[in-house]
Amino acid sequence: MQITPLQDWLHTVEKPLLISGPCSAESKEQMLETAAQLAETGIVKIFRAGIWKPRTRPDSFEGIGTKGLVWLREVKEQFGFLTATEVANAQHVKEAIAQQVDILWIGARTVVNPFSVQEIADAIKDTDIPVLVKNPINPDLQLWIGALERINKAGITKIAAIHRGFSSHEHSAYRNIPMWEIPIELMRLYPDLPLLCDPSHIGGNRELLAPISQQAMDLNMAGLMLESHCNPDVALSDKHQQNK
Ligand code: PEP
Ligand code: MN
């Protein structure tokens with residue numbers, strides 16, 4: 001894989017790279033208030049928000065859709081963050097790029113499907129947009145690498161991987177079991193590929209955020225993606241794992 005180092009496209013050498021913001025964009029007020037609080041910390045570089053949400057059951061909140069992209073742009077203009085959102089198909093890519101989203105990520109449910117990843121790869125060809133690739137929900141390192149390769153073959157060298165844990169029917173304290181040996185193997189195979197950790201989706205609750213983040217830092221991962229919400233108790237998705 002041909003990889004551009006993080007510092008060359010983020011113009012910073014700070015470590016860890018911190019990405020934070022709500023699981024889902026819900027309202028303009030929620031986006032701007034969350035961004036204001038994150039800006040105050042002075043350590044967050046990238047503001048994330050899900051616009052289209054892949055939910056397990058169809059009667060859950062499936063994301064605010066296109067109008068949330070306008071709020072994301074306002075966050076960028078007001079606070080100077082780079083912005084990131086999840087894309088799952090070519091239409092999402094087109095709309096996100098049209099609204100000047102800076103960074104795209106591909107979610108765990110999409111990474112399991114090579115047809116979907118290829119559709120996204122085709123849609124971003126000839127753009128220079130950075131792409132973050134989460135691990136697939138099942139513990140399959142080859143599938144994760146395959147998705148990274150598809151994006152890379154589309155000419156995207158500003159690429160990073162995100163470890164968000166793996167789904168299992170086993171009873172566990174984690175929402176998604178970390179299986180640290182899998183991201184460690186990815187780092188061994190691709191030492192130049194930046195690897196971030198998403199403790200929110202691994203832990204599934206606020207109490208686990210600190211220990212998982214610490215573990216990721218101990219493994220020398222490049223950064224963290226942490227969900228945050230100005231009022232997490234009323235969040236429309238993933239409320240137990242979002243922090244204030
Ligand atoms: C998210 O980041 O909000 C998300 C849906 O993540 P994942 O794809 O890791 O489940
Ligand atoms: Mn979430």
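Colleague: Which residue in S2 is the bridge partner of Ile19?

Modeller: In this predicted model, strand S1 covers residues 17-21 and strand S2 covers residues 46-48. These two strands pair in the parallel sense over 2 bridges. The bridge partner of Ile19 in S2 is Ile46.

Colleague: In what order do the strands of the closed barrel run?

Modeller: The barrel is closed and has 8 strands with parallel pairing. From one strand to the next, the twist averages 25 degrees. The order is S1-S2-S3-S4-S5-S6-S7-S8.

Colleague: What angle does the direction of helix H2 make with that of S2?

Modeller: Helix H2 comprises residues 28-41 and packs on the sheet. The strands touched by helix H2 are S1 and S2. Its direction makes with that of S2 an angle of about 150 degrees.

Colleague: At what angle to S3 does helix H3 run?

Modeller: Helix H3 is formed by residues 67-79 and lies across S2 and strand S3. Strand S3 itself spans 82-86. Relative to S3, helix H3 runs at about 155 degrees.

Colleague: Where do Glu227 and Asp238 lie, and how many residues apart are they?

Modeller: Glu227 belongs to strand S8, residues 223-227, whereas Asp238 lies in the segment after S8.

Colleague: Is Asp238 buried or exposed?

Modeller: A residue counts as buried under 20% relative accessible area. Glu227 has 2% relative accessibility and therefore counts as buried. Asp238 has 18% relative accessibility, so Asp238 also counts as buried.

Colleague: Which class of aromatic pair do Phe79 and Phe81 form?

Modeller: A search of the whole structure finds 2 aromatic pairs. The rings of Phe79 and Phe81 lie 6.4 Å apart, centre to centre, with 35 degrees between the planes. Planes under 30 degrees apart count as stacked and those over 60 as edge-to-face, so this pair is classed as tilted.

Colleague: Which residues form the aromatic cluster?

Modeller: Phe79 counts as partly exposed because its relative accessibility is 28%. Phe81, with a relative accessible area of 5%, is buried. The residues that form one aromatic cluster are Phe47, Phe79 and Phe81.

Note on methods: Residues are numbered from 1 along each chain as its sequence is written. Chains are lettered from A and ligands numbered from 1 in the order in which they are written. This is a predicted model: local features need pLDDT of at least 70, side-chain atom pairs count only at pLDDT 80 or more; totals for chains, interfaces and linings use all residues. Side-chain values use heavy atoms; hydrogens and water are left out. Two strands pair if DSSP finds at least two bridges between them. Helices (H or I, at least four residues) and strands (E, at least two) are DSSP runs, numbered from the N terminus. Axes are lines fitted to C-alpha atoms, for helices over the stretch in contact, and angles run from 0 to 180 degrees between N-to-C directions. Contact means heavy atoms within 4.5 Å. Buried means under 20% relative accessible area, exposed over 50%, partly exposed in between (1.4 Å probe, protein chains only). Rings of Phe, Tyr and Trp (its six-membered ring) pair if their centres lie within 6.5 Å; planes under 30 degrees apart count as stacked, over 60 as edge-to-face and the rest as tilted.
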